[in-house]
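Subject: Handover of a structure

Dear colleague,

My findings follow it, and I would be grateful if you would read them alongside the coordinates.

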Amino acid sequence: MGAGHAHRLYRHARSPVHALPPHTKLTAVLCFVLVVVSTPREAVWAFAVYALLLASVAYAARVPPAFWLKRLLIEVPFVAFALLLPFVAQGERTGVLGLSLSVEGLWGAWNVLAKGTLGVAASVLLAATTELRDLLLGLQRLRLPPLLVQIASFMVRYGDVVTDEMRRMRVARESRGFEARGVRHWGVLAKSAGALFIRSYERGERVHLAMVSRGYTGTMPVIDEVTASRAQWTYALALPLTALAVCLLGWTLT
Amino acid sequence: MHVPDGFINAPVSAAAGALAAGAIAVCLRGARREQAALSPAGAVADGGERTAPLAGLVAAFIFAVQMLNFPVAAGTSGHLLGGALAAILVGPCTGVLCVAVVLLMQGLLFADGGLTALGVNVLVMAVVTTVVGYAVFRGLVKVLPRGRRSVTAAAFTAALVSVPAAAAAFTLVYAVGGTTDVPLGKVATAMIGVHVLIGVGEAAITALTVGAVIAVRPDLVYGARGLTVPLKLRVGGELVDAPAAPATRAAPAASASPARSHRTLWAAGLLASLVLAGFVSFYASTDPDGLEKVAADKGFDKGEKEHAAADSPLADYGVGDIADTRLSGGLAGVIGVGVTVVAGSAVFWAVRRRRTGGDDGPASTAVEGTPTPRAVGAEPAPRAEPAPRAEPAPRTQPAEDA
């Protein structure tokens, strides 16, 4: 747990976006993505406006563009799939640079790329401006089942511990001259995975006993209830509401 | 395999979200029961308080093990998906919860998989892999001879089936709500073909991992609970069955499993055959579908255009195509399920008869509702009798003191 209590994607700053209560941010991002997904793909300009909206949020949150763009690389495997679409989709075909491409497939590729990228960008912004603990509090405030929130909080709390345990096992393997090169070494790696499971499970049992001995009965006490004022809600929902207006314009204009 | 935003249209994403929420609600209840079953004999009736820490740690384990790379050949490597593994190790409901939480956190923190597609992701990757994997595993464990090796073999098959089943489920979702009109046959072959290969890797790793766990702590493997051998004591140089107290540990497993397993096995078998039938019917319908496609290509094309011009929100739906495929697929599926259920019950019945012939038949005697006298006599009422010191796993013992 030496890494501090923030996750890798979090970027500390003092900004109005960081200061918003987590559940308003979660709601805003979810509504925004929903609006984006239901926009007609023919309204190309609408997606440009969405990108501008997100960029302005990023500016307000003081997230540098380089940081933001680097995080978008996560969707690369999926871009490859989108690029494949024009070749496999059916329907009317058109010639581009001597290749026969499907019009439907081109639209599909555009659709997936634009909406997917905007979705990833919105999630990255959320992750960059919200701490883990706040995120969990927000989920709890949004009436996610408490058991699920508890499981998630245990997962993020002990994620680093378990990952570190795995790293120590790797160091131990490598310091004994082991190098995984192919299928023949799967047995060793799988034994490590099995050992990791047993250690995690036994740690879970110990954690449970420690909690029971401190009076845990299956629910966690809520010490800090997060609340949002009307102004904060308005501020957070400005993003999806603007997007909704754009979306409606998109439906009427195309 | 994380589905991003914009891949599945909004109505279908919402429906998948509702389905996934329902499945998770069921699993939240089921997970308490599973944890109660795993907890020390008779210690707590309600496993609710154990669920959060244990499931949380298992979720952390799955998250970590997905980062463990298994080299395949020069340069390339794969990693575990973990659905079947989680189901076998901690039970199907807890497994679904763990994988779903991992997916939720990946979506929120690492932008891996779209937020609107979260329902689809949970449904395909958490629910289908886990439930199919566990159903196959449990069915095989029942049918195969008892022993550690057959557990490993069952784990192999379960993981092997679970990954293509998820691919088939994804194809189904795509058929209903995909935003691009790619021929279904192509999607199905590509998805399932690739995922059969992935499934082989997943199967090998899962089997090896389950084997490693079962060699060290067999009591931790939820899927193999019924297989523990009752404790024997060496008295005066010969082995005798341990008296009533140790038997309570084995008895709940032995007595609970036949009574429960009939229903679970039936439900699970039906579900698995449904999924398998759906998956087979896709293959069956690929060819005629392709032919119809070529014949009707122009017509559908015009329809598609008009839709787009009419600005219908469901412009990308491809209804005609779906209707055809689903009709043929559905028919094939129904027939397939019928045949599978009949064949499966025949096999199950035959195996049961054979076991009844042999003398060790705890699985055969318990008829639901009307336990035969022998069954009652053989099993000292397990839950009523508190026997905390009979616990074979010493680590969990302080639970009763606390």
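How far apart do the end C-alpha atoms of residues 43-60 of chain A lie, and what percentage of the span is helix? Please bear in mind throughout that this is a predicted model. The end C-alpha atoms of that span are 27 Å apart, and the span is 94% helix and 0% strand.

Residues 43-60 belong to the UniProt annotation for chain A, where an unreviewed entry places the feature "transmembrane region" at residues 43-60, 72-89, 109-130 and 233-253. Of these, residues 109-130 of chain A are 95% helix and 0% strand, with 31 Å between the end C-alpha atoms.

For chain B, UniProt (again an unreviewed entry) lists "transmembrane region" at residues 12-31, 51-68, 80-105, 117-141, 153-176, 188-216, 265-284 and 331-351. Residues 12-31 of chain B are 100% helix and 0% strand, and their end C-alpha atoms lie 28 Å apart. Residues 153-176 of chain B are likewise 100% helix and 0% strand, with the end C-alpha atoms separated by 35 Å.

Turning to the organisation of chain A, the chain is divided into domain 1 (16-138 + 227-253) and domain 2 (145-212). The centres of domain 1 and domain 2 of chain A, taken over C-alpha atoms, are separated by 34 Å.

One helix pair in chain A deserves a description. The axes of helix H2 (residues 22-37) and helix H10 (residues 230-253) of chain A come within 9 Å and cross at roughly 0°. H2(A) and H10(A) are therefore roughly parallel to each other. On the H2(A) side, the residues that meet H10(A) include A:Thr24, A:Ala28, A:Phe32 and A:Val36; the H10(A) residues they face include A:Trp233, A:Leu237, A:Pro240 and A:Leu244. By class, the residues of this contact between H2(A) and H10(A) comprise 13 nonpolar, three polar and one charged.

Finally, I come to the contact between the chains. Here 67 residues of chain B are in contact with 80 residues of chain A. Several elements of chain B each supply at least two residues to the side that touches chain A, among them helix H1 (10-38), helix H2 (48-65), strand S1 (70-71) and helix H8 (244-310). H2(B) provides the largest share of that side, 17 residues. The residues on the side of chain B that touches chain A divide into 44 nonpolar, 11 polar and 12 charged.

Yours sincerely

Technical notes: Residues are numbered from 1 along each chain as its sequence is written. Chains are lettered from A and ligands numbered from 1 in the order in which they are written. This is a predicted model: local features need pLDDT of at least 70, side-chain atom pairs count only at pLDDT 80 or more; totals for chains, interfaces and linings use all residues. Two residues are in contact if their C-beta atoms, placed from the backbone, lie within 7 Å. Helices (H or I, at least four residues) and strands (E, at least two) are DSSP runs, numbered from the N terminus. Ala, Val, Leu, Ile, Met, Phe, Trp, Tyr, Cys and Pro count as nonpolar, Asp, Glu, Lys and Arg as charged, and the others, Gly among them, as polar. UniProt positions are given in the numbering used here, feature names are shortened, and annotations may be inferred rather than shown by experiment. Domain bounds come from an automatic or database domain assignment. Axes are lines fitted to C-alpha atoms, for helices over the stretch in contact, and angles run from 0 to 180 degrees between N-to-C directions. Angles under 35 degrees count as roughly parallel, over 145 as roughly antiparallel, 65 to 115 as roughly perpendicular and the rest as oblique.
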